[in-house]
Amino acid sequence: METSIPKPAADLEVLTNDLALIKANYATRSDITTAKAELTVEIAEAENRLRVEVKDTENQLRTEIKETENKLRTEIKETENKLRLEIKETESRLLVVINEAKVEFKTEFAKLKYELKTEILESKSSIIIWVVSAIFLAQLIPAFLKKFGL
């Protein structure tokens with residue numbers, strides 16, 4: 001009997017060592033339950049952190065979008081005002097040019113009108129002198145011809 005007792009004691013020691021090894025290396029049902037609970041908590045916390053980060057990011061983006069929109073509206077208004085000012089300046093310059101052209105046209109027209117009147121008066125004078133000369137000669141030529149006997 002003495003030989004058989006050490007064997008069960010050795011087997012018991014091997015089983016105890018194996019059980020300790022199994023407990024050390026492998027998870028038990030309670031370990032899995034604990035790990036599952038811890039993972040559930042960590043997942044929930046991570047989801048909450050992500051939701052908060054997403055909300056914060058969304059709020060930041062909305063703020064940036066509104067700021068950009070306001071900047072763009074301001075730039076558009078400034079550009080619109082600049083363009084209106086340029087249009088008014090261009091209209092003013094155009095009116096000045098048109099008025100100058102009108103004055104120049106009126107001046108040139110008055111000059112041409114004066115020159116035309118002068119030429120007409122000169123032509124009238126020339127025609128009158130020619131007609132008077134023609135009449136005068138028409139009356140004098142027969143008298144000269146009679147006087148010279150021709």
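User: In this predicted model, what makes the T33 side chain and the backbone oxygen of R29 a polar contact?

Analyst: The distance does. A polar atom of the T33 side chain sits 2.8 Å from the backbone oxygen of R29, and the cut-off is 3.5 Å. T33 itself lies in helix 2.

User: How do you know that the length of helix 2 fits its number of residues?

Analyst: Its 119 residues, at 1.5 Å a residue, should span 177 Å, and the end C-alpha atoms are 168 Å apart, which agrees.

User: Why is the E69 and R73 pair called a salt bridge?

Analyst: Their side chains come to 2.6 Å, N to O, and the limit is 4 Å, so the pair qualifies. They're four residues apart in helix 2, so about one helical turn separates them.

User: What makes K111 with E108 count as a salt bridge?

Analyst: Here the closest N and O atoms are 4.0 Å apart, and the definition asks for within 4 Å. K111 and E108 are three residues apart in helix 2, again about one helical turn.

User: Why is R84 called partly exposed?

Analyst: Its relative accessibility is 48%. Exposed needs over 50% and buried means under 20%, so R84 falls in between. Its salt-bridge partner is E80, at 2.6 Å between the closest N and O atoms; E80, at 32%, is partly exposed too.

Terms used: Residues are numbered from 1 along each chain as its sequence is written. This is a predicted model: local features need pLDDT of at least 70, side-chain atom pairs count only at pLDDT 80 or more; totals for chains, interfaces and linings use all residues. Side-chain values use heavy atoms; hydrogens and water are left out. Helices (H or I, at least four residues) and strands (E, at least two) are DSSP runs, numbered from the N terminus. The expected span of a helix is 1.5 Å times one less than its number of residues. A polar contact is a pair of N or O atoms within 3.5 Å; within protein, one must be able to donate a hydrogen and the other to accept it, and residues adjacent in sequence count only if both atoms are side-chain atoms. Buried means under 20% relative accessible area, exposed over 50%, partly exposed in between (1.4 Å probe, protein chains only).
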